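Hi everyone, thanks for coming. I'd like to walk you through a structure today, one group of side chains at a time. Have a look at it first, and then we'll start.

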Amino acid sequence: MTRPDPSGTVFTFGAVSYDLSSRPFVMGILNVTPDSFSDGGRFVSPQDAIRHGIQLARDGADFLDVGGESTRPGSNPVSVEEELRRVIPVISELSRSVGIPISVDTYKSEVAHDALSAGASIVNDVTGLTFDRRMPSVIADHKATAIVMHMKGTPKTMQENPHYDDLLGEVKEFLEKSAGTARAFGIQQIIVDPGIGFGKTLSHNLELMKRLPELVSLGHPILVGPSRKSFIGTILDAPPDQRLEGSIAASIICVMKGASIVRVHNVRETVRALKILHAVEQS
């Protein structure tokens, strides 16, 4: 079992500090979109989204990740104005209603700026700071945390026959470069995400999970988001709403391989499963 070096893993998110080497952490997914692959349309109204965010916190989430644009395979981008309309009321209210850090899932600097001003303390950029050149300075100016993810292509095209000559080498090189960009702009807290399901085939996803310990050497906490992804559906021959067991198994594997945070839809069940894993580790 590979664990991150405990040095430098105490991260501060607003008024909350976590030692990310101390136990597995869970990020609850809150999609305020009509077209996300798993729960699109369920939380498009701010009231429903806020209620669900509060429930995820009650269920044991350590973070909430609020996203206003679907990045499922084949998805189309939305305007800055529409994304702001979807996420800002939710982030504003949740920042007052829950005592856990809020992340905004966006690759647009304008959305990140307004979300951080509204109470978010993390920007989860699926492009690894490569889409919007203003993003790193926005994150740095707000003294926020950056999650940098690897994605091959764009959400619209990423699953069109993705190919790698050296999967781990290419993912690691990209994340090193993204983290370097973040540091160059003065971002102090960086989390890396290998991007399960983003420009990867079934075999790519399984290899990334199996070789996750090789990313620990990057020196940053690792976040992985396997929840309800298509590779689980392929293995189990199950639609998104029937992938709970596979998602929990994948989350446990990722934590055992070195992930500090797992990003999931089913928070309560994942938290309970990871408590058992942590108890065994500590025994």
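Arg-51 is exposed, because its relative accessible area is 53%. Before I go on, please keep in mind that this is a predicted model. So who does Arg-51 meet in a salt bridge? Its partner is Asp-48, with N to O at 2.4 Å. Asp-48 has 31% relative accessibility, so this residue counts as partly exposed. Both residues belong to helix α1, which covers residues 46-58, and because they are three residues apart, about one helical turn separates them. For anyone who likes the geometry, an α-helix has 3.6 residues a turn, so residues three or four places apart point the same way.

How many salt bridges does the structure hold? The count is 14. Let me pick out a few more. Arg-211 forms one with Glu-207, and the closest N and O atoms there are 2.6 Å apart. Arg-211 is partly exposed at 28%, and Glu-207 also counts as partly exposed, with 28% relative accessibility. Salt bridges that share partners also join Asp-65, Asp-105 and Arg-263 into one network.

Now to Lys-152, which has two contacts to talk about. Glu-170 is partly exposed at 25% relative accessibility, and Lys-152 is partly exposed at 30%. The other contact is with a ring: Lys-152 lies over the face of Tyr-164, 4.6 Å from the ring centre. We find another such case at Lys-108, whose charged end sits over the ring of Tyr-107, 4.6 Å from its centre.

Which residues form one aromatic cluster? They are Phe-11, Phe-13, Tyr-18, Phe-25 and Phe-63. The model has six aromatic pairs. In one of them, the ring centres of Phe-13 and Tyr-18 are 6.0 Å apart with the planes at 55°, so we call that pair tilted. Tyr-18 also pairs with Phe-63; here the centres are 5.2 Å apart and the planes are at 80°, so this pair is edge-to-face. The link between Tyr-18 and Phe-63 joins distant parts of the chain, from strand β2 (residues 16-19) to strand β4 (residues 63-67), 45 residues apart.

Next, helix α3, residues 109-118. Its buried residues are Ser-109, Val-111, Ala-112, Ala-115, Leu-116 and Ala-118. What covers them? The cover includes α2 (80-97), β5 (102-105), β6 (122-125) and α4 (135-141). After α3 comes Gly-119, with a positive phi near 130°.

Leu-202, Leu-206, Ile-235 and Leu-236 make a nonpolar patch of about 330 Å². The elements giving two or more residues to this patch are α6 (202-210) and α8 (230-236). Leu-206 sits in helix α6 and counts as partly exposed, because its relative accessibility is 38%.

That's my tour, and I'm happy to take questions.

Conventions:
Residues are numbered from 1 along each chain as its sequence is written. This is a predicted model: local features need pLDDT of at least 70, side-chain atom pairs count only at pLDDT 80 or more; totals for chains, interfaces and linings use all residues. Side-chain values use heavy atoms; hydrogens and water are left out. Patches are made of residues with over 30% relative accessible area and no salt bridge: like charges are joined within 9 Å, nonpolar side chains (Val, Leu, Ile, Met, Phe, Trp, Tyr) within 5 Å. Accessible areas come from the Shrake-Rupley method with a 1.4 Å probe; for residues, only the protein chains shown count as cover. A salt bridge is a side-chain nitrogen of Lys or Arg within 4 Å of a carboxyl oxygen of Asp or Glu. Helices (H or I, at least four residues) and strands (E, at least two) are DSSP runs, numbered from the N terminus. Buried means under 20% relative accessible area, exposed over 50%, partly exposed in between (1.4 Å probe, protein chains only). Rings of Phe, Tyr and Trp (its six-membered ring) pair if their centres lie within 6.5 Å; planes under 30 degrees apart count as stacked, over 60 as edge-to-face and the rest as tilted. A charge sits over a ring if NZ of Lys or CZ of Arg is within 6 Å of the ring centre and within 35 degrees of the ring normal. Contact means heavy atoms within 4.5 Å.
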